[in-house]
Amino acid sequence: MARIRLAGGIALLAVTASACGLGNDDRPSGAGDGGGHLVYAEHLPPVAAWALESNDAFTLTRAGCLEPLVQSELDGSLSEKLATSWEQVEPTAWEFQLREDVQFQDGTPMDADAVVGALTHVLEAKTPARSFNAEVISGVEAVDESTIRIETKQPDVLLAYRMASPNTGILAPKAYEGEQIDIEGTCTGPFEVVEENSQQSLTLERNETYWGGTPALATAEIRFIVDGEVRATQLQAGEVDIAPYLPVAHLTQLEGNDDLAVTTTEQPRTTAMMLNNSRPPFDDPLVRQAIQRAIDTQAIADSIYEGVMSPAIGPFAPDQPWAPQDVSPVSPDLDEARRLLDEAGVDPSALSFQLMAYVSRPEFPDVAAVIQDQLGQLGIEVKIRSGDAATFEPEWLAGDYDAALLSRGYLLDVGDPAGYLAADYTCAGSYNVAHYCDEETDTQVNQALQNENQGARYETYRSLAQKLQSEAVNVFLVHESGVVGATTSVENFEQHPLNFYVFTKDLDVS
């Protein structure tokens, strides 16, 4: 097994055949003959009828169908995609020059009008995208046939990073004509969706007229497999060729299979027990801090994650350049937890709350059980509710829950922590699951979004991370590493640190 660490503040993984068989620049005879077929196990089925403001956009981007204006590279830098250049022409205005001679898969041109229409559709969504929404964006307009202008409500030095989010992917005008998004023939990417088996699979064919060149694979299938155990089983049986987010409990067995290559890579992502700060008992910081002191994150990392994950020091992993320095995970101390509850005037035996654990993260039910046991030692009752993340999410956003396990990428929506902090921890944040509201935090985040000085932004992020941890806004549990497996026949597969791309032009099988 290869284990890849973070580099330059973001995880990167570009595996070659010599490392563990996931790629091969020197293809064997007969490989890449243009007739290959590959099966991918996707862990997130569509839940919003392909609405691009939702996580469905990420699935569609991994499918090699949807493309944004800007591409996020493995090292966290930005590169050209459907746009060839961009510039902040005014404090609150950016212009993007579009790639010429790009056609949607239905043959219509990708011009400024089409791009403006696509981005405006996302802006007008009832449920806003975390990275690109009306709280941040004033509007989009065509400057000429190949140039668009995006106006922001305040200076935003990170807009180019927002435009690398799958939520800002561009579909043909036809895609928006019906009651739901039409993804067949409306993308620009190397693969076209030719059939959808609802909640089961997508059938893909290569886009013969792809602007980036002819894709290596002829056909592919994406299977929606929420259960990590099933993903691992199908990979071992050779029924799928690539499977992400595999249960760590299967690592030994997977590593012993000579037909598989298994890689673990650190990710800019942290698992937390989210606490609803807007209602009792977690509106009281003393109660939150007591809960934090009763949970043994090291034990969770060692037992449930078998040492693959590390105990969290806050929202950001310690080797990130914006993380607090020389900070350790909170040490469990039941006596201190009791003291904090006593100071809050709360009898632990009177505390009872529900903890949500979604099953697409295969370890979450076990993590919930450990937390239930650890808090039970204080006399606190934890009732576990398991289910799908798509079912839980509306309740989180509405504040209709007590606590929930959540895996959250802090570079997922914007390739800089300011995007995550604005979405998750400002009063009007579009993904403020904790329902945390603090004027000083809002001010610091807004100032960071306008600050071109990277060092100054990073210092703000360190300060905010310490604040979130010290106030126990949530209980940050582990910093994550992703386990991905592939058959050794897979070539030119690069595991993107944010899991944005899978079906690239060069993906192939021997």
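Trainee: Why is Cys-437 called exposed?

Mentor: This is a predicted model. In it, Cys-437 has a relative accessible area of 54%. The cut-off for exposed is over 50%, so Cys-437 counts as exposed.

Trainee: Why does Cys-427 count as partly exposed?

Mentor: Its relative accessibility is 31%. Buried would need under 20% and exposed over 50%. The value for Cys-427 falls in between, so partly exposed is the term.

Trainee: How do you know that a disulfide joins Cys-427 to Cys-437?

Mentor: The two sulfur atoms are 1.9 Å apart, and the cut-off is within 2.5 Å. The torsion about the S-S bond is 95°, and the link is right-handed. Both cysteines sit in the loop between helix H12 (417-425) and helix H13 (439-450), ten residues apart.

Trainee: How many disulfides does the structure hold?

Mentor: Two. The other one is formed by Cys-65 and Cys-187, with sulfur atoms 1.8 Å apart, again within the 2.5 Å limit.

Trainee: What makes the disulfide of Cys-65 and Cys-187 right-handed?

Mentor: The torsion about its S-S bond is about 85°, so the disulfide is right-handed. The pair links distant parts of the chain, 122 residues apart. Cys-65 lies in the loop between helix H2 (56-62) and strand E5 (70-72). Cys-187 lies in the loop between helix H4 (159-162) and strand E11 (191-197). Both cysteines are buried.

Trainee: What pattern do the disulfides follow?

Mentor: Counting bonded cysteines along the chain, the pattern is 1-2, 3-4.

Trainee: Why is His-479 called buried?

Mentor: Its relative accessible area is 3%. Buried means under 20%, so His-479 qualifies. His-479 is in strand E20 (residues 475-487). Leaving aside residues up to four places away in sequence, His-479 touches several others, including Arg-269, Thr-270, Met-309 and Phe-316. Ile-313 is also one of these, and its backbone nitrogen lies 3.1 Å from a polar atom of the His-479 side chain.

Trainee: Which residues of H10 are buried, and what puts them on the same side?

Mentor: They are Phe-364, Val-367, Ala-368, Ile-371, Gln-374 and Leu-375. These residues cover an arc of only 125° around the axis, so they are on the same side of H10.

Technical notes. Residues are numbered from 1 along each chain as its sequence is written. This is a predicted model: local features need pLDDT of at least 70, side-chain atom pairs count only at pLDDT 80 or more; totals for chains, interfaces and linings use all residues. Side-chain values use heavy atoms; hydrogens and water are left out. Helices (H or I, at least four residues) and strands (E, at least two) are DSSP runs, numbered from the N terminus. Buried means under 20% relative accessible area, exposed over 50%, partly exposed in between (1.4 Å probe, protein chains only). A polar contact is a pair of N or O atoms within 3.5 Å; within protein, one must be able to donate a hydrogen and the other to accept it, and residues adjacent in sequence count only if both atoms are side-chain atoms. Contact means heavy atoms within 4.5 Å. The arc is that of the directions from the helix axis to the C-beta atoms.
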